[in-house]
Amino acid sequence: MESRNPKSELTVIKLKPIEATPESFKEFGQVIEASPDGEEFGPTDAQLDLSKGIPRFYIMNIQNRPLKFSTITHHASVTQCLGSIGGHVWYLGIAKPSLVDSEEVKNEKGKIAVQSRCGHFYVPPAVDDVYVFRIAGPKFIKLNRGTWHAGPLFKADAMDFYNLELSNTNVVDHTTHVFKKENGVIFSIDE
């Protein structure tokens, strides 16, 4: 009879995708859709915070991003915009921002705040607070500062995405939580 350590087994949590709309995504950021040419700036435009550095707008070619994840990342100093070139269907794992002041040590769920290697404090996202959004068509996602995200994820072998963040975001403002290590969990998108 084989003996197993329950802590060494991984739990796969299947998440049903939520269609990304301005209403369904508002806790995490914005869904930006086409507006008429000449329309003045307003609340349906991306409300950006690029004030802490040099903006970087570029096209990412991403290979092999299957519909599962065990890590989630946030950027504490910048909003981020992501969109599929061509409006193809893609997915994004999401959890609400959990940035806290250095004076705070617990949130409403009693979790202890930790300090990122980047210097800010945050409460790690709970497994139950992770969602997956489906993004399709000519729109992009604006993530609020500190919004946890995993992806872009997609079914194709490769996809191109445009990305707006700061020039050094992935060097100085990249905090990752590893669910596989901390909670023994992998998330899978249930299509």
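## Two strands side by side

Let's start with a pair of neighbours: strand E3 and strand E13 (residues 139–143) run antiparallel and are joined by five bridges. Within this pairing, Ile32 sits opposite Phe140 in E13. Keep in mind as you look around that this is a predicted model.

E3 and E13 belong to an open sheet of five strands, ordered E3-E13-E7-E15-E4, with antiparallel pairing. At its edges are strand E3 (29–33) and strand E4 (55–63), each of which pairs on one side only. From one strand to the next, the twist averages 20°. What holds such neighbours together? Strands of a sheet pair through backbone hydrogen bonds.

## Salt bridges

Across the whole structure, a search finds seven salt bridges. One of them joins Asp190 and Lys16, whose closest N and O atoms are 3.7 Å apart. This pair links distant parts of the chain, 174 residues apart: Asp190 is in the segment after strand E17 (185–189), and Lys16 is in the loop between strand E1 (11–15) and strand E2 (18–19). Asp190 is partly exposed, at 27% relative accessible area, while Lys16 is exposed, at 56%.

Lys26 and Glu23 form another salt bridge, with their closest N and O atoms 2.8 Å apart. Lys26 is exposed, with a relative accessible area of 52%, and Glu23 is exposed too, at 55%.

## A buried serine

Now find Ser70, in the loop between strand E5 (68–69) and strand E6 (71–74). Is Ser70 buried or exposed? Its relative accessibility is 16%, so Ser70 counts as buried. Beyond its neighbours within four places in sequence, Ser70 is in contact with residues including His177, Phe179 and Ile186.

Methods:
Residues numbered from 1 in each chain as written. Predicted model: local features only at pLDDT ≥ 70, side-chain atom pairs only at ≥ 80, totals over all residues. Heavy atoms only, no water. Helix = DSSP H or I, 4+ residues; strand = E, 2+ residues; numbered from the N terminus. Buried < 20%, exposed > 50% of the residue type's maximum accessible area, 1.4 Å probe, protein only. Contact = heavy atoms within 4.5 Å. Pairing = 2+ DSSP bridges. Axes fitted to C-alpha atoms, helices over the stretch in contact; angles between N-to-C directions. Salt bridge = Lys/Arg side-chain N within 4 Å of Asp/Glu carboxyl O.
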